[in-house]
Each structure stands twice: as structure tokens, then as C-alpha cells.
Amino acid sequence: MTTYGTIPTELPQQSLSLIVQAREFLGSGLGSRRKWEDMINIRALNLPPNINEAVGRIRTNIVFFKTNYVIVVLFLLLLTLFFHPTSLVIIVVIMIAWFLQYFLRDNPLSIYGFVIDRNMIITVLTLFTIAVFFLTDVMSNIMSGITFGLTVVLAHGFFRTTDDLFVGDEKDINASQC
């Protein structure tokens, strides 16, 4: 008996484990972010006295606020892409292609009886993604969004003093300065 057109009542175990892994990965990354109040403390902003102090501030702030900075850069990238809806649509179409053809496919792809392995799918999707990004304005829009985000991050790291930052991971800061 066939069950064409029926909707499954449960997610397959593999899809469920993929969702759990993604949730844990995002939770661990976002769980390490610092308070936004600490990051946007107006009283802690001033000009550094010299270039060595500026470089030290940037390094310390990047270690201390790294998750916050990633969120800021991704938010500014998304904001930049909202001003270019064509680029946003192209990125969504490419993401859907990757999810449907690579991440969500359990069985090998078969076209006219020929079985296509995962390496070939990865190669074709990668070449397709690169070609679309460079033949359209998507790549320049992504790069301008990332550049804008990194400029904001570097400006914050430059002006934000590090005197009031109490880092539990002092070894991370010392390792980044070496």
C-alpha cells in the first residue's frame, strides 16, 4: 500500500538530530556573548593616547566582545542586503538549493538513471554559487556589508576603553597579544 500525498506526523530521526545540533551550536555561541550594556557604555568611550594603546584596546575588545561583534557584523550585513532585495532573493535561492540538494537529501541523486555522488553535488553547487555571486551584484553587496560591519567593530574597539572590562579568560587576551 502506498502513502503518496500523506503528511508525516513526526520528523525523521536524522532531521531531528540536525535541528538539535544546530540549536546547541547556536546556543553555545550566543551564550558566550557579553551584555550589550557593557558594550555600549558611553562613559567608556574616549580617544586612546597613542597607537599602541589603540591596538591593545582593539585586541582586548575583540576578545571580550567577539560574539557581540559577530552579531553586529551579521546584522549590518543583513541590513545592507535589505537595501538590495535582488541580492537577498538570490542568496535565499542559493541557500534553498544547498539545503534541498545537499543537506536534506538522504538518498543519492538520480537523473535519468545516472546516480550522482555527493562530491559531484558539492562541486556543482559550489561552482554555481561562485558563478552567481560574481556574475551578479551579490558579491559586491556582501563585501560592502561586511566592510561596513568591520568598520563599525574597529571603531568601537578603538574608542572603547578596557579599564572596566573584567575578563575571566585572561589567558585568551594574553594569547592574542603574543
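Is Thr161 buried or exposed, and what is its relative accessible area? Thr161 is buried, at a relative accessible area of 10%. Buried means under 20% relative accessible area, exposed over 50%, and partly exposed in between (1.4 Å probe, protein chains only).

The model is predicted: local features need pLDDT of at least 70, side-chain atom pairs count only at pLDDT 80 or more, and totals for chains, interfaces and linings use all residues. Residues are numbered from 1 along each chain as its sequence is written, and side-chain values use heavy atoms, with hydrogens and water left out.

**View 1. Thr161 in the loop between α7 and α8 (170-177).** Helices are DSSP runs (H or I, at least four residues), numbered from the N terminus. Leaving aside neighbours within four places in sequence, Thr161 is in contact (heavy atoms within 4.5 Å) with Ala44, Asn46, Arg57 and Asn61.

**View 2. The salt bridge between Arg57 and Glu53.** A salt bridge is a side-chain nitrogen of Lys or Arg within 4 Å of a carboxyl oxygen of Asp or Glu. A search of the whole structure finds 1. Here the N to O distance is 3.6 Å. Arg57 and Glu53 are 4 residues apart in helix α3 (residues 51-64), so about one helical turn separates them. Arg57 is buried, with a relative accessible area of 5%. Glu53 is partly exposed, at 32%.

**View 3. Helix α5 (residues 85-103) packed with helix α6 (residues 118-135).** The angle is about 175 degrees and the axes are 11 Å apart. Axes are lines fitted to C-alpha atoms over the stretch in contact, and angles run from 0 to 180 degrees between N-to-C directions. The pair is therefore roughly antiparallel, a term for angles over 145 degrees. From α5, the contact includes Ile90, Ile94, Trp98 and Tyr102. From α6, it includes Ile122, Leu125, Phe128 and Val132. By class, the contact has 12 nonpolar, 3 polar and 1 charged residues. Ala, Val, Leu, Ile, Met, Phe, Trp, Tyr, Cys and Pro count as nonpolar, Asp, Glu, Lys and Arg as charged, and the others, Gly among them, as polar.

**View 4. The largest nonpolar core, of 15 residues.** Such a core is a set of buried Ala, Val, Leu, Ile, Met, Phe, Trp, Tyr and Cys residues joined through side-chain atoms within 4.5 Å. Leu81, Ile91, Ile94, Phe133, Val138 and Ile142 touch the most other members. Helices α4 (66-82), α5, α6 and α7 (138-159) each supply at least two residues. The largest share, 6 residues, comes from α5. Apart from this core lies another, of 8 residues, among them Met39, Tyr69, Val73 and Leu76.

Terms used. Angles under 35 degrees count as roughly parallel, over 145 as roughly antiparallel, 65 to 115 as roughly perpendicular and the rest as oblique.
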